[in-house]
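Colleague: Can you walk me through this one? I'm new to reading structures.

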Amino acid sequence: MPPVTRGFVGRRKRDPRLPPGQYDVGDQWPVLTAEPAPNLDTARWTFRIDGLVERPAEWTWDEIRALPRERWDGDIHCVTTWTKFGMTWEGIPVDTLLEAAGPLPGARYVVAHSHTGYTTNLPLADITGGRAWLAFAAGTAPAAPAPLTREHGGPARLLVPHLYFWKSAKWVAGLRLLAEDEPGFWERNGYHDRGDPWAEQRFQGD
Ligand SMILES: Nc1nc2c(c(=O)[nH]1)N[C@H]1C(S)=C(S)[C@@H](COP(=O)(O)O)O[C@H]1N2
Ligand SMILES: [Mo]
């Protein structure tokens, strides 16, 4: 018998929006959280950018909410293999926030940290150029974005949708700019330092 070519026989046509090894989760939006969801009071909430910057910057909730917002529509991809199509998000471009702090020339990496202590590392280039937001509302199109629930990272989380979703830190408290890459929570446990779903960068070495 001739060998069966996997991916050629008995397969339905794959949705081109689906990165390799991912499936369409449909209408659900799974909650993936390593720590208990905190109850953050916006009256005392802050967001900070520090490390290799000209001037460390910190915003209160009211200051953040006064900045110009952007809408982003698209798909999110979790490393546990679910992909959610057709989301709609609202937030402040990370570019706007970085501009206020002034990254120094040596800054090449960033650690995003949450009010809970969760951390994740990213190349600085991946959160610039209109590809990352400090997000505070989300929904499934055609519904308009609604304020993020606590379980999904409200009042505000990072949104970096072109990378696996563990990089999108929920309850984000700030960004620290660094010269060298510094693994965060999942990355110390074997996950990839960059995490591009289209290159299937799930684990260290992928
Ligand atoms: N603070 C914090 N942020 C986090 C996580 C977490 O455990 N803690 N999980 C990450 C992972 S693995 C994923 S897939 C997404 C899940 O976001 P969701 O629960 O809103 O779907 O959040 C990411 N951000
Ligand atoms: Mo995830």
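Colleague: How far is an oxygen atom of ligand 1 from an N or O atom in the side chain of Trp-29?

Modeller: That distance is 2.9 Å. A polar contact here is a pair of N or O atoms within 3.5 Å; within protein, one must be able to donate a hydrogen and the other to accept it, and residues adjacent in sequence count only if both atoms are side-chain atoms. One caution: this is a predicted model, where local features need pLDDT of at least 70, side-chain atom pairs count only at pLDDT 80 or more, and totals for chains, interfaces and linings use all residues. Residues are numbered from 1 along each chain as written, chains are lettered from A and ligands numbered from 1 in written order, and side-chain values use heavy atoms, without hydrogens and water.

Colleague: What about Lys-170 and ligand 1?

Modeller: An N or O atom in the Lys-170 side chain is 2.6 Å from an oxygen atom of ligand 1. A polar backbone atom of Ser-168 is 3.1 Å from a ligand nitrogen.

Colleague: How much of ligand 1 does the protein bury?

Modeller: The protein buries 98% of the 530 Å² that ligand 1 exposes when taken alone. Those areas come from the Shrake-Rupley method with a 1.4 Å probe; for residues, only the protein chains shown count as cover.

Colleague: New topic. What is the strand order in the open sheet?

Modeller: The order is S3-S2-S11-S6-S7, five strands with mixed pairing. S3 (57-60) and S7 (119-123) are the edge strands, each pairing on one side only. Strands are DSSP runs (E, at least two residues), helices likewise (H or I, at least four), numbered from the N terminus. Two strands pair if DSSP finds at least two bridges between them.

Colleague: How many bridges join S2 to S3?

Modeller: Four, and the two strands run antiparallel. In one of the bridges, Phe-47 partners Trp-59 in S3.

Colleague: Which peptide bonds are cis?

Modeller: Ala-141 to Pro-142 is one, with omega near 10°. Pro-142 is in the loop between S8 (133-140) and S9 (146-147). Gly-154 to Pro-155 is also cis, with omega about 15°.

Colleague: And Trp-171, is that residue buried or exposed?

Modeller: Trp-171 is buried, at 1% relative accessible area. Buried means under 20%, exposed over 50%, partly exposed in between (1.4 Å probe, protein chains only). Phi of Trp-171 is positive, near 55°, though the residue is not glycine. Trp-171 sits in the loop between S10 and S11.

Colleague: What is phi of Glu-200?

Modeller: Near 50°, again positive in a residue other than glycine. Glu-200 is partly exposed, at 31%.
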